[in-house]
Amino acid sequence: MSATDAARRWSRTHTFRHDELGEESLSAHRRLSVSVCLPAREEAATIGPIVTALVRLRLRGVIDEVVVVDADSEDGTAALATEAGADVHRQEALVPSLGPVLGKGDAMWRALSVLRGDIVCFLDSDSEGFGAHFATGLVGPLLRHPRLHFVKATYRRPFKAGGVELAAGGGRVNDLVARPLLNRFYPELAAVRQPLAGEFAARRELLEHLPFSTGYGVEIGLLVDAYQQVGLAGLGQVDLGVRQNRHQSLQDLGPMAAAVVGVLCHRLHQDGRLAGIGTDRFLAVRGAGMELRDLSATERPPMAAWVRDAASQADAVRRRQARLR
């Protein structure tokens, strides 16, 4: 079977609907704990309704934990999330020994240090018209199908501009950069419709054994690494309907697209499929001027390995101190 045929077959057998398992069924029959995490930066306009919907799920026994990891937002995001019932953590307070948080992916990685669930669901904090099915739809297949380990969201993204709304057209980096690259270099993943979606759920054991890119490329890096760990059969995607969020300008999307390309280039280089990866600097055009941006992204090691190494280092320090005494 060709890679393209495998992708088509996977799409038929591993694409789910968000309403296949209702809230009552999830609450009554689940045997695994579930954490939902929202990385947030200046999301006062949307964070309250999102957390409120998730806390209702927690009260109904559908999920166990709602955590917001806030990037020191100045618009009151943390206070609004706390008021709505979430457990809120400053991202800088998580694993502080590593210094400043380097981006969204770093915040997500550090969140694993406080999330307790057997299944971890990450959701974006800027969704308008958020529904609880974003969480239930993603965790449902993992609870129902033991073969699945990593589930991505897919949805239709309308595009709003100048008071006009088009039925589709959002997710420009997704469709113009990420999916063409996957088709070219990882054709088995060609049927993943939203590889850059910030909404996904995974078994904690898998997440703890994956590296996290600290920058914009975290989602596509996790997708490729999860595929290499558990194979196509261990992946799924869930149709969540429609997702609406803020649209960024093309100027702002350029560095994001470059970061996605960078993460995939690093993966290809590690696999011996790309001899050189070029520069991580991006020359952005700003009107008549230009701005040179450094897009080099640190990768956090798998959390399980980092914990093991940290424990080993702490043990070595204790042994040295004992000898000195």
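**Helix packing and burial in a predicted model**

Author: In this predicted model, helix H3 (residues 47-59) packs against helix H4 (residues 77-84) at an angle of about 25 degrees, and their axes are 8 Å apart.

Reader: Why are H3 and H4 called roughly parallel to each other?

Author: Angles under 35 degrees count as roughly parallel. The angle between H3 and H4 is about 25 degrees, and H3 and H4 are therefore roughly parallel. Their crossing is right-handed.

Reader: Which residues of H3 meet which residues of H4?

Author: On the H3 side these are Ile 47, Gly 48, Val 51, Thr 52 and Val 55, and they meet Thr 77, Leu 80, Ala 81 and Ala 84 of H4. The residues of this contact comprise six nonpolar, three polar and no charged.

Reader: What does Glu 219 touch, leaving out residues up to four places away in sequence?

Author: Glu 219 touches Lys 104, Lys 152, Pro 195, Leu 196, Ala 197 and Gly 198. Of these, Gly 198 is 21 residues from Glu 219 in sequence, while their C-alpha atoms are 6.6 Å apart in space.

Reader: What makes helix H5 (residues 104-111) largely enclosed by the rest of the structure?

Author: Seven of the eight residues of H5 are buried, so the helix is largely enclosed. The buried residues are Gly 105, Asp 106, Ala 107, Met 108, Trp 109, Arg 110 and Ala 111.

Reader: Which residues have the most contacts inside the largest nonpolar core?

Author: They are Phe 150, Leu 189, Leu 207 and Leu 235, in a core of 52 residues. Apart from this core lies another, of 39 residues, including Ala 53 and Val 139. In soluble globular proteins, nonpolar side chains tend to be buried together.

Reader: What does Phe 150 contact, leaving aside its neighbours within four places in sequence?

Author: Among the contacts of Phe 150 are Leu 142, Phe 200, Leu 222, Leu 223 and Leu 235.

Reader: How many helices and strands are there in the chain, and what share of its residues is buried?

Author: The chain has eleven helices and 14 strands. Buried residues make up 48% of its 325 residues.

Notes: Residues are numbered from 1 along each chain as its sequence is written. This is a predicted model: local features need pLDDT of at least 70, side-chain atom pairs count only at pLDDT 80 or more; totals for chains, interfaces and linings use all residues. Side-chain values use heavy atoms; hydrogens and water are left out. Contact means heavy atoms within 4.5 Å. Buried means under 20% relative accessible area, exposed over 50%, partly exposed in between (1.4 Å probe, protein chains only). Helices (H or I, at least four residues) and strands (E, at least two) are DSSP runs, numbered from the N terminus. A nonpolar core is a set of buried Ala, Val, Leu, Ile, Met, Phe, Trp, Tyr and Cys residues joined through side-chain atoms within 4.5 Å. Axes are lines fitted to C-alpha atoms, for helices over the stretch in contact, and angles run from 0 to 180 degrees between N-to-C directions. Angles under 35 degrees count as roughly parallel, over 145 as roughly antiparallel, 65 to 115 as roughly perpendicular and the rest as oblique. A crossing is left-handed if the near helix is turned anticlockwise from the far one by less than a right angle, and right-handed if clockwise. Ala, Val, Leu, Ile, Met, Phe, Trp, Tyr, Cys and Pro count as nonpolar, Asp, Glu, Lys and Arg as charged, and the others, Gly among them, as polar.
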